[in-house]
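Biologist: I'd like to learn how to read a model like this one. Could you walk me through it?

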Amino acid sequence: MEDTSTRSESESPPEESADPAPDGPDDPGPTGEDGGSSTADEGTRNDQADIEALRERVESEYDFDDFGPSDMARMSAEEWDAAFDPDTWITGDRLLDRVDAELKSRIATRDVFGVLERVREDGEERILVYSDEGYAIIRPTGEVRGEGTVLRDIEPVVALAAMDSYEVPEPPEDWSLPHPDSVPEGSGEFGNLVVQVVAAIQVLAGAALLVASAVADLGTIVAPVMGIVFLLVGVFLFAMVANARLSDRFRSEEYRERLRALREAKERPEFVPVEDGVVTDRDAAATDRDRDE
């Protein structure tokens, strides 16, 4: 029989650890699913808080009731994404109808200079707006492509029409661009008349003071000095009215020339990629299809 009393301690079997280290693949460690999930949730909450703070700042800084191209150019990409939540945008045929009504109203009030048409591309309806200085094609998704000043004017209009909170005005029946001969020579005649009356009073007062100083010995230099001042102010006001009238006449004539150019043109400008009511810009259409895929 073997004597086990003399066995050394080194030969005794090792004691099992009280807290064994897990080596299984299913055991979540400190960096397992639970820890990663809590960290991701905290990061999501921080991102949402940052977006809400940015959205509040954008709403207080920009006036979306009078949102124009200058505001769009000033707005950064982060501000745009925060202000216009894609989940709340209006798209599809409803967006095209709202853009159509908004553009007709703006064309009627001369806020937008262009010809509006409905065209098709890849079997889908589009809105085309063009002038002698550019064009813009609007998709049901709200994307706008084109060139020139028309594109710059149309982009904020589409952004506003895509917002459900924005009320699109009802366009007038005769919304199209006016006939060149119906454009008046200028505007603000009442204001010009008032300024001319004030200028005439200034000239008469100055002339009266100078005549009084020359005929009667007033014994003071104040009267002739004031007479000269009144004359100079009157002349300045008359010159200002004349400049305003010339500027109005020049702008009106320029506007009539653009209207005549659009009316006399038998076809759309060559830079507009539309033929027989169908968009012919295949490169852009292919790019749009790739983006959708």
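**Starting from one serine**

Modeller: Let's begin with Ser131, which sits in strand S2. Helices (H or I, at least four residues) and strands (E, at least two) are DSSP runs, numbered from the N terminus. This is a predicted model, where local features need pLDDT of at least 70, side-chain atom pairs count only at pLDDT 80 or more, and totals for chains, interfaces and linings use all residues. Residues are numbered from 1 along each chain as its sequence is written, and side-chain values use heavy atoms, with hydrogens and water left out.

Biologist: Is Ser131 buried or exposed?

Modeller: Buried means under 20% relative accessible area, exposed means over 50%, and partly exposed lies in between (1.4 Å probe, protein chains only). Ser131 counts as buried because its relative accessibility is 0%.

Biologist: What does the side chain of Ser131 reach?

Modeller: The backbone nitrogen of Glu133, at 3.1 Å. As for contacts (heavy atoms within 4.5 Å), Ser131 touches Phe113, Gly114, Val150, Arg258, Leu262, Pro269 and Phe271, leaving out residues up to four places away in sequence.

Biologist: How do I read the strands around it?

Modeller: Two strands pair if DSSP finds at least two bridges between them. Here S1 and S2 pair antiparallel over 7 bridges, and Arg118 has Ile127 in S2 as its bridge partner. They form a hairpin with 2 residues between them, and Asp122 in the turn has a positive phi of about 55 degrees. On to S3: 5 bridges join it to S2, again antiparallel, with Tyr130 opposite Tyr135 in S3. S2 and S3 also form a hairpin with 2 residues between them.

Biologist: Why is S2 said to be largely enclosed?

Modeller: Because 6 of its 8 residues are buried.

Biologist: And what is a nonpolar core?

Modeller: In soluble globular proteins, nonpolar side chains tend to be buried together. A core here is a set of buried Ala, Val, Leu, Ile, Met, Phe, Trp, Tyr and Cys residues joined through side-chain atoms within 4.5 Å. The largest one has 32 residues, and those with the most contacts inside it are Val99, Leu103, Ile127, Leu128, Ile138 and Ile154. H4, S1, S2, S3, H5 and H7 each supply at least two of its residues, with the largest share, 6 residues, from H5. Beyond its neighbours within four places in sequence, Leu128 contacts residues including Val115, Tyr135 and Val274.

Biologist: What do the buried residues of H4 pack against?

Modeller: S1, S2, S3 and H5. The buried residues of H4 include Leu95, Val99 and Leu103. For its length, the expected span is 1.5 Å times one less than the number of residues. With 16 residues, H4 should span 22 Å, and its end C-alpha atoms are 23 Å apart, which agrees. After H4 comes Arg110, whose phi is positive, near 65 degrees.

Biologist: How many salt bridges are there?

Modeller: The rule is a side-chain nitrogen of Lys or Arg within 4 Å of a carboxyl oxygen of Asp or Glu, and the count comes to 11. In one of them, Asp97 meets Arg118 at 3.2 Å, N to O. That pair links distant parts of the chain, H4 and S1, 21 residues apart. Asp97 is partly exposed at 46%, and Arg118 is partly exposed too, at 32%. Glu121 and Arg126 form another, with their closest N and O atoms 2.9 Å apart; both residues are buried.

Technical notes:
A polar contact is a pair of N or O atoms within 3.5 Å; within protein, one must be able to donate a hydrogen and the other to accept it, and residues adjacent in sequence count only if both atoms are side-chain atoms.
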